[in-house]
Amino acid sequence: MWIITWVVGGVALAIAMYYKKSKSTPVRLLFEHNDDNLEILQKCPSLLLGPTKIEEKQDKMMMISDAKYCPPWWLLNVHVHTIWAALLRSYPNLSHTRDLLTTEDGGTFSIDWFDLPSHLDKPETPTIVILHGLTGGSYEGYIQHMARHAMRERGMRCVVVNYRGCANTSVTSRRIYCAANTEDFRQGLVHIRNKIPNAPLFAAGFSLGSMVLVKYLSEVGEKSPFIAAASLSNPMDMSKAAKQLNESFISNRLYNRRLAKNLQNMFIRFEKHWDDGALGIDITSLLSAKTIREFDDHFTSKAFGFIDAEDYYLSAAPLHNLHKVKTKLICVNCEDDPLTYCRGAVLDEFEKNPNIILALTDWGGHLG
């Protein structure tokens with residue numbers, strides 16, 4: 001019996017080691033080669049490690065090094081990776097203090113300050129301002145793990161801007177949020193800066209939050225309050241990303257319909273603000289939407305003054321805004337991410353703008 005056990009164990013170990021090796025993916029870097037970018041990357045061993053070489057990928061010459069991403073062996077494919085990240089990842093349950101802010105149109109959004117140990121709780125502590133993903137909030141595992149690491153390993157404060165209706169923030173107005181509008185984020189930054197005027201500021205955006213961040217950085221240009229910023233799992237080209245979600249049965253069922261349903265559930269919480277048929281919003285059609293694009297066609301675009309979903313996507317997509325970014329920005333994306341589109345014209349932007357760097361891996365899923 002022990003021989004069988006050893007044989008089975010050995011085979012399992014061999015499969016696991018083979019899988020780990022086959023799934024190990026180099027971190028490919030695309031950027032304008034200048035001293036500032038190289039200095040930044042040399043401080044990030046998870047992105048650039050050891051000797052470098054140039055390798056062609058997607059018709060682009062990208063830099064690779066010994067830096068690699070290797071997912072756990074049990075994350076068998078992109079869907080397992082993405083679902084684990086969204087639903088099964090642990091939650092550190094960090095405590096926080098909440099500020100509620102009221103907007104000019106009567107809306108409400110919240111800012112959560114993760115509690116710091118006394119030796120770090122100082123006005124001048126470097127601070128990361130975080131923007132979460134669609135219908136998410138400060139409670140999300142990916143945010144809490146990042147915040148805990150930043151506090152423990154880097155001695156940094158983390159503060160999350162929760163959009164209207166997210167993270168148990170009450171909906172008190174017609175409008176909620178979208179990737180093309182930065183008004184609430186701007187107000188939140190004023191509030192944060194007033195509370196910690198001397199703290200160096202950094203920013204990190206996840207998924208939809210990364211689009212809001214890039215949109216904001218493109219609008220303020222050299223007047224950005226941030227020393228540097230990071231974009232993670234950015235959809236980049238919203239129109240093509242939305243189309244991509246419809247191209248397979250699994251993506252449509254697992255992500256498209258689920259995200260549309262999350263948005264509909266949020267809308268139901270403030271449906272009373274729209275029961276007068278304002279702006280021609282058809283509530284029946286909105287609540288029967290099966291995809292994110294349909295929801296954006298019936299609600300988001302109209303609520304924010306766009307013609308339709310495509311018009312909204314053109315305004316919000318980082319593809320059309322990256323060239324105006326003046327803040328040092330690192331974008332981390334995965335090629336197999338079912339919710340993003342990081343190919344073609346998107347890659348061109350990283351060769352043109354000396355302030356932005358793309359770190360691209362083969363595997364990782366969405367926010368994995």
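Student: How many aromatic pairs does the structure hold?

Tutor: This is a predicted model, and it holds 12 aromatic pairs.

Student: How is a pair of aromatic rings described?

Tutor: Two quantities are used, the distance of the centres and the angle of the planes. Here, W74 and W84 form an edge-to-face pair, with 5.8 Å from centre to centre and 75 degrees between the planes.

Student: Which parts does the pair of W74 and W84 tie together?

Tutor: W74 lies in the loop between β5 (68–69) and α3 (78–88), whereas W84 lies in helix α3, so the pair ties together parts that are 10 residues apart in sequence.

Student: What kind of aromatic pair do F185 and Y216 form?

Tutor: F185 and Y216 form an edge-to-face pair, 5.1 Å centre to centre, with 80 degrees between the planes. F185 lies in helix α5 (residues 183–195) and Y216 in helix α6 (residues 208–220), so this pair ties together parts that are 31 residues apart in sequence. F185 counts as buried at 4% relative accessibility, and Y216 is buried with a relative accessible area of 6%.

Student: Which residues form one aromatic cluster?

Tutor: F267, F270, F295 and F299 form one aromatic cluster. Two of its names, F295 and F299, return in the list of buried residues of α10.

Student: Which residues of α10 are buried?

Tutor: First the general idea: an α-helix has 3.6 residues a turn, so residues three or four places apart point the same way. In α10 (292–303), the buried residues are I292, F295, D296, F299, T300, S301 and A303.

Student: What covers the buried residues of α10?

Tutor: The cover includes α7, α8, α9 (283–287) and α11. After α10 comes G305, with a positive phi near 80 degrees.

Student: Where is Q264, and is it buried or exposed?

Tutor: Q264 is in helix α8 (residues 249–269). Q264 counts as buried, at 4% relative accessibility. Its side chain reaches the backbone oxygen of L287 at 3.2 Å. Leaving aside residues up to four places away in sequence, Q264 touches L286, L287, S288, A289 and F295. F295 is also one of the residues in the aromatic cluster.

Student: What is the volume of the largest pocket, and which residues are closest to its centre?

Tutor: The volume of the largest pocket is about 1900 Å³. Its lining has 45 residues, and S46, M146, A230, L232 and V332 are the closest to the centre. Elements that each supply at least two lining residues include α4 (141–154), β11 (226–232) and β12 (328–334). By class, the lining divides into 31 nonpolar, eight polar and six charged residues.

Student: What lines the second largest pocket?

Tutor: The second largest pocket holds about 980 Å³ of space. Its lining has 45 residues, with L134, T135, L259, N262 and L339 nearest the centre. Among the elements that give two or more residues to this lining are α3, α6, α8 and α10.

Student: Which element gives the most to that lining?

Tutor: α8 gives the most to the lining of the second largest pocket, with eight residues. The classes in this lining are 31 nonpolar, 10 polar and four charged residues.

Definitions and conventions. Residues are numbered from 1 along each chain as its sequence is written. This is a predicted model: local features need pLDDT of at least 70, side-chain atom pairs count only at pLDDT 80 or more; totals for chains, interfaces and linings use all residues. Side-chain values use heavy atoms; hydrogens and water are left out. Rings of Phe, Tyr and Trp (its six-membered ring) pair if their centres lie within 6.5 Å; planes under 30 degrees apart count as stacked, over 60 as edge-to-face and the rest as tilted. Helices (H or I, at least four residues) and strands (E, at least two) are DSSP runs, numbered from the N terminus. Buried means under 20% relative accessible area, exposed over 50%, partly exposed in between (1.4 Å probe, protein chains only). A polar contact is a pair of N or O atoms within 3.5 Å; within protein, one must be able to donate a hydrogen and the other to accept it, and residues adjacent in sequence count only if both atoms are side-chain atoms. Contact means heavy atoms within 4.5 Å. On a 1 Å grid over the protein atoms alone, a cavity is a set of points where a 1.4 Å probe fits but cannot get out, and a pocket is an open set with protein on both sides within 12 Å along at least five of seven lines; lining residues have an atom within 4 Å of a point. Grid points are joined across faces, edges and corners, and a volume is the space filled by probe spheres set on the points. Ala, Val, Leu, Ile, Met, Phe, Trp, Tyr, Cys and Pro count as nonpolar, Asp, Glu, Lys and Arg as charged, and the others, Gly among them, as polar.
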